[in-house]
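Thank you all for making time this morning.

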Amino acid sequence: MITRKRLAAGAWALLAALVAGLAAPAPATAADGPAAKEPPKVELVLDVSGSMRTRDIDGQSRMAAAKQAFNEVLDAVPDDVELGIRTLGADYPGEDRERGCKDTRQLYPVGPLDRTEAKTAVATLAPTGWTPIGPALLGAADDLAGGDATRRIVLITDGEDTCAPLDPCEVAREIAAKGIHLVIDTLGLVPDAKTRAQLRCIAEATGGTYTSVQHTEELSGRVSQLVERAADPVVTPVPLEGAARCADAPVLTPGLYTDREAFGEHRWYRVDVRPGQELRASVSIAADRPVDRDYGVLMRAVTVHGREIVRGSEAGDGRTDLISTGLRYPKAPSDDDVEASSAEVVCLQVSNSFSAAPGVPSEPGLPLELTVDVVDAPDEAADVASFGLGRGWWLLGLLVVVGFAAGLLWGWVSRWRVAVWRTN
């Protein structure tokens, strides 16, 4: 009887557990976890101004070459890339400058790509009006605004902007100064020297690339490459603003940072380094506008009391638009438990000696990229190269001994050969 009661109680308990399990909310799935990373976004900006009628690319017009390249690019766009298309000079054929310089619109919205719809939209384009590159770049930046996705503008044009004083190079610098990490790549269709300079300036202001194109195959290949590059994982620099003195400087952790520095300015940052760690830092400053030929960059690591620990510097003479330097500071381990657990505040000073002729804009400042890493300090043996100066004395002695022995051997062989020759 007792056994039957126990069996009945067990059956009821099992039934209750099953009912409770069915009534309980479903466990969280992968979809309920962290939000998926945003897909990369690309907007192609196409010049449809009247000059695109010119027939000088593989026996066809520039517009026909661009359409052919677009069809090939749209077929090759990776599935995880959101793509949009914006035009400039596609609608207004008149002579009114004010209207012509507003002639830019989004032809296909940035989002998942419908290849048929996008190709149909491009096929309807005909060379029409002005070349408002500056307004088109501002419109494309708005099209790609928001979110943390990788963003890239690919500008395809055959001529310089016709809507000054809105200089497209200054527009690109303003976009870069916002710290939104929007890269602009430019492609010039059979460009002249002035157009080439303008397109190169736009690209360099945002960390993009410039390419001169004279054939349809070059155009489609390069655009496809840039679209695919947007899908590659990249480290996004963190925008920050250095201080005028170390006490007010931002504290940096290992990572990649961007800032802007005026001509001849000093900026300060701080990094915490514990005993047994090594600070590795580097800085690059780009001349995104015409500057005088002689310039340099200096990076110093100093204590909070102003004593210099180590420095790195580099000078240039105008042959390159980018100059970089770096430093390393290994902090020795400590046997004191209290000292070993406390970090030393290292002040990083970044200075430049760029200058420019009168009339060259000083704002925004020159783009600066700062890399900071804190790693375990290498031991003494591993910190010296196998053939470096630290271990060089024994190597030098070994070379002397080997050379002396080789000399003796060669002398003996030579005398033996002479003796044999004389005997014979």
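Let me begin with the disulfide that joins Cys-101 to Cys-163, where the S to S distance is 2.1 Å, and let me say at once that everything here comes from a predicted model. The pair links distant parts of the chain, since Cys-101 sits in the loop between helix H3 (97-100) and strand S5 (104-111), while Cys-163 sits in the loop between strand S6 (151-157) and helix H6 (168-177), 62 residues apart. The torsion about the S-S bond of Cys-101 and Cys-163 is about -100 degrees, so this disulfide is left-handed, and both Cys-101 and Cys-163 are buried.

How many disulfides does the count come to? The count comes to 3 disulfides, so let me take the other pairs in turn, on the criterion that the two sulfur atoms lie within 2.5 Å.

Cys-169 is joined to Cys-201 by a disulfide with an S to S distance of 1.6 Å. Here Cys-169 lies in helix H6 and Cys-201 in helix H7 (residues 193-205), so the pair ties together parts that are 32 residues apart in sequence. Cys-169 and Cys-201 are both buried.

A further disulfide joins Cys-246 to Cys-347, with an S to S distance of 1.9 Å. This pair also links distant parts of the chain, with Cys-246 in the loop between strand S9 (238-239) and strand S10 (251-252), and Cys-347 in strand S17 (residues 344-352), 101 residues apart. The link of Cys-246 and Cys-347 is left-handed, with -70 degrees about the S-S bond, and both of these cysteines are buried.

Let me turn to the pockets. Rolling a probe the size of a water molecule over the atoms shows where empty space is left. What volume does the largest pocket have? The value is about 1100 Å³, and the lining of the largest pocket is made of 42 residues, of which Thr-206, Gly-207, Pro-237, Thr-258 and Glu-369 lie nearest its centre. Several elements each supply at least two residues of that lining, namely S6, H6, strand S7 (182-189), H7, strand S11 (255-261), strand S13 (277-286) and strand S18 (366-376). Sorted by class, the lining of the largest pocket has 19 nonpolar, 11 polar and 12 charged residues.

Next comes strand S4, residues 82-88, which is mostly covered, with 7 of its 7 residues buried. In a regular strand the side chains alternate between the two faces of the sheet. In S4, Glu-82, Gly-84, Arg-86 and Leu-88 point one way, whereas Leu-83, Ile-85 and Thr-87 point the other way, and all of them are buried. What are the pairing partners of this strand? Strand S1 (residues 41-47) pairs with S4 in the parallel sense over 7 bridges, and within that pairing Val-45 has Arg-86 of S4 as its bridge partner. S4 and S5, in turn, run antiparallel and are joined by 5 bridges, with Leu-83 standing opposite Gly-111 in S5.

Elsewhere there is an open sheet of 5 strands, in the order S10-S12-S17-S14-S15, and its pairing is mixed. The edge strands are S10 and strand S15 (308-316), each of which pairs on one side only. Strand S14 (residues 295-302) and S15 run antiparallel, with 8 bridges joining them, and the bridge partner of Gly-296 in S15 is Ala-315.

Now to helix H4, residues 115-123, in which Ala-118, Ala-121 and Val-122 are buried. These three cover an arc of only 95 degrees around the axis, which puts them on the same side of H4. Thr-116 and Ala-123, on the other side of H4, are exposed.

I will close with the backbone detail. Asp-58 has a phi near 55 degrees, a positive value in a residue other than glycine. Asp-58 lies in the loop between strand S2 (55-57) and strand S3 (60-61).

Key
Residues numbered from 1 in each chain as written. Predicted model: local features only at pLDDT ≥ 70, side-chain atom pairs only at ≥ 80, totals over all residues. Heavy atoms only, no water. Helix = DSSP H or I, 4+ residues; strand = E, 2+ residues; numbered from the N terminus. Buried < 20%, exposed > 50% of the residue type's maximum accessible area, 1.4 Å probe, protein only. 1 Å grid on protein atoms, 1.4 Å probe; cavity = no way out; pocket = protein on both sides within 12 Å on 5 of 7 lines; lining within 4 Å. Points joined across faces, edges and corners; volume = space filled by probe spheres on them. Nonpolar A, V, L, I, M, F, W, Y, C, P; charged D, E, K, R; others polar. Pairing = 2+ DSSP bridges. Arc of directions from axis to C-beta.
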